[in-house]
Amino acid sequence: MLWGAENGDYTDAGQFIGAELLPEDRLDEYRQYREIALAHALPFGEYSAP
């Protein structure tokens, strides 16, 4: 299953047909969850490719 396929963002052939956007009346809710997630996030260590 392609990412977003359950939301109708892609055709069965994998072509992107649009994005589902968050309604403006839910932006404050999103920002609250984002701030909680960022407050608990841990920094990545130095990335080193093998």
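Arg 31 is partly exposed in this predicted model, at 40% relative accessibility (buried means under 20% relative accessible area, exposed over 50%, and partly exposed in between, with a 1.4 Å probe and protein chains only). The side chain of Arg 31 meets that of Asp 28 in a salt bridge, with an N to O distance of 3.3 Å; a salt bridge is defined as a side-chain nitrogen of Lys or Arg within 4 Å of a carboxyl oxygen of Asp or Glu. Asp 28 is exposed, its relative accessible area being 54%. Arg 31 and Asp 28 are separated by about one helical turn because they lie three residues apart in helix α1, which covers residues 27-40.

Residues are numbered from 1 along each chain as its sequence is written. Because the model is predicted, local features need pLDDT of at least 70 and side-chain atom pairs count only at pLDDT 80 or more, while totals for chains, interfaces and linings use all residues; side-chain values use heavy atoms, with hydrogens and water left out.

By the rule above, the salt bridges number three. Side chains of opposite charge can pair when their charged atoms come close. In the bridge between Arg 34 and Glu 35, the closest N and O atoms are 3.0 Å apart. Arg 34 has a relative accessibility of 33% and counts as partly exposed; Glu 35, at 44%, is likewise partly exposed.

The chain contains one helix and zero strands (DSSP runs numbered from the N terminus, helices being H or I of at least four residues and strands E of at least two). Of its 50 residues, 4% are buried.

The average pLDDT of the chain is 79, and 74% of the residues score at least 70 (pLDDT is the predictor's confidence in each residue, from 0 to 100). Over residues 1-5 the pLDDT is below 50, and this stretch has eight contacts in the model beyond near neighbours in sequence (contact means heavy atoms within 4.5 Å).
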